[in-house]
Amino acid sequence: GFDIEFQYSEQPLKDSELYLLPCLSGLRSVSRKRMKDLLARISAGATLYISLNDATPSEFESITGLEPQFREARTDTRPASIRCGKDSVEIPTVSSHRIVFRAARATVLGREADGNPVFSAAEYGKGKVWFLSLPLETMVATTAGALRAGPLSDAWRIYRLVAAPFIAKARAVLKTEPTLAVTEHPLCATRRVIVAVNMSPSRLECECVAAPHWLPCRVHRGLTAGRGSTVAIRLEPCDAAVFEMRRA
């Protein structure tokens, strides 16, 4: 096993922090104190992603830029269309109820078939709040094979959109293949070990691109080959590759 020690710090928060509140449920999904502390961090420059199951946080309009109009039983089950950069994603609307919103100051990026906002972004102080009114994470967790096929298989694009600024700054390797899981483990300021896992039941052949100022330098395991700033990966189902990146 691993011994991991977490330490709480009173140091000023960085503007690169990303917080997730997925599928909020119930009347007391987040305590007032915790939400107040979290919103202070967002106001200072961090980013927050919220998705809803059946909760409605207090001070909703000030947080999301959306003004709730009323809550009603869902009768229209047509999928919602969400714009993720150049891509468009269709997400099922399977919740038993929905909240009808008016966009007060939020930028609406996704709507239900009748135009009701379901995905939006809004500034909060120096930070940003992303909001999704659908229980995406619960749907993915309870739908067999959701990430491989079907209407939820492109839902990862929503997370990529939210995390894009952080990935670009923090990562040594950039990838677009959703079935390839990549983790990075710093050895020092200029070298990282990269572990890439094929999460699919099929043989995977894809390419990863080195982030600016990074280059592949050594392969420890797996059929990987570095060509300039590109790493070609060929993996059997559930297999992994391990290689290193160095800062140029």
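Before starting: rings of Phe, Tyr and Trp (its six-membered ring) pair if their centres lie within 6.5 Å. Keep in mind that this is a predicted model.

**Exercise 1. Which residues form one aromatic cluster, and how is the pair of phenylalanine 60 and phenylalanine 131 arranged?**

Step 1. The structure holds 5 aromatic pairs. One cluster consists of Phe60, Phe101 and Phe131.

Step 2. A pair of aromatic rings is described by the distance of the centres and the angle of the planes. To sort by angle, planes under 30 degrees apart are stacked, over 60 edge-to-face, and the rest tilted.

Step 3. Look at tyrosine 49 and tyrosine 159: the ring centres are 5.3 Å apart and the planes sit at 55°, so this pair is tilted. The two tyrosines are 110 residues apart, with tyrosine 49 in strand 2 (residues 47-52) and tyrosine 159 in helix 4 (residues 156-170), so the pair links distant parts of the chain. Tyrosine 49 is buried at 1% relative accessibility, while tyrosine 159 is partly exposed at 32%.

Step 4. Now take phenylalanine 60 and phenylalanine 131. Their ring centres are 5.1 Å apart with planes at 85°, so call this pair edge-to-face. Phenylalanine 60 belongs to helix 2 and phenylalanine 131 to strand 9 (residues 127-132), so the pair ties together parts 71 residues apart in sequence. Phenylalanine 60 is buried at 5% relative accessibility, and phenylalanine 131 is buried at 0%.

**Exercise 2. Work out where the buried residues of helix 1 point, and what covers them.**

Step 1. Start with the length. Helix 1 (residues 32-43) has 12 residues and spans 16 Å from first C-alpha to last, close to the 16 Å expected at 1.5 Å a residue.

Step 2. List the buried residues of helix 1: Met35, Leu38, Leu39 and Ile42. Looking down the helix axis, these fall within an arc of 100°, so they line one face of helix 1.

Step 3. Turn to the face pointing away from that buried side, and you'll find the exposed residues Lys33 and Lys36.

Step 4. For the cover over the buried residues, include strand 1, strand 2, helix 2, strand 8 (117-124) and strand 9.

Step 5. Just past the end of helix 1, glycine 45 has a positive phi of about 135°.

**Exercise 3. Is cysteine 23 buried or exposed, and what does cysteine 23 touch?**

Step 1. Find cysteine 23 in strand 1 (residues 18-24).

Step 2. Buried means under 20% relative accessible area. Cysteine 23 comes in at 11%, so it counts as buried.

Step 3. Setting aside residues up to four places away in sequence, cysteine 23 touches Ser51, Leu52, Asn53, Pro135, Leu136, Glu137 and Thr138.

Step 4. Pick leucine 136 from that list. Cysteine 23 and leucine 136 are 113 residues apart in sequence, yet 7.2 Å apart in space, C-alpha to C-alpha.

**Exercise 4. What does the side chain of threonine 64 reach, and which residues is threonine 64 in contact with?**

Step 1. Threonine 64 sits in helix 2 (residues 60-64), and at a relative accessible area of 1% threonine 64 is buried.

Step 2. The threonine 64 side chain reaches the backbone nitrogen of leucine 66, at 3.1 Å.

Step 3. Leaving out neighbours within four places in sequence, threonine 64 is in contact with Ala106, Ser120, Ala122, Val129 and Phe131. Phe131 also turned up in the aromatic cluster from the opening exercise.

Technical notes. Residues are numbered from 1 along each chain as its sequence is written. This is a predicted model: local features need pLDDT of at least 70, side-chain atom pairs count only at pLDDT 80 or more; totals for chains, interfaces and linings use all residues. Side-chain values use heavy atoms; hydrogens and water are left out. Helices (H or I, at least four residues) and strands (E, at least two) are DSSP runs, numbered from the N terminus. Buried means under 20% relative accessible area, exposed over 50%, partly exposed in between (1.4 Å probe, protein chains only). Contact means heavy atoms within 4.5 Å. A polar contact is a pair of N or O atoms within 3.5 Å; within protein, one must be able to donate a hydrogen and the other to accept it, and residues adjacent in sequence count only if both atoms are side-chain atoms. The expected span of a helix is 1.5 Å times one less than its number of residues. The arc is that of the directions from the helix axis to the C-beta atoms.
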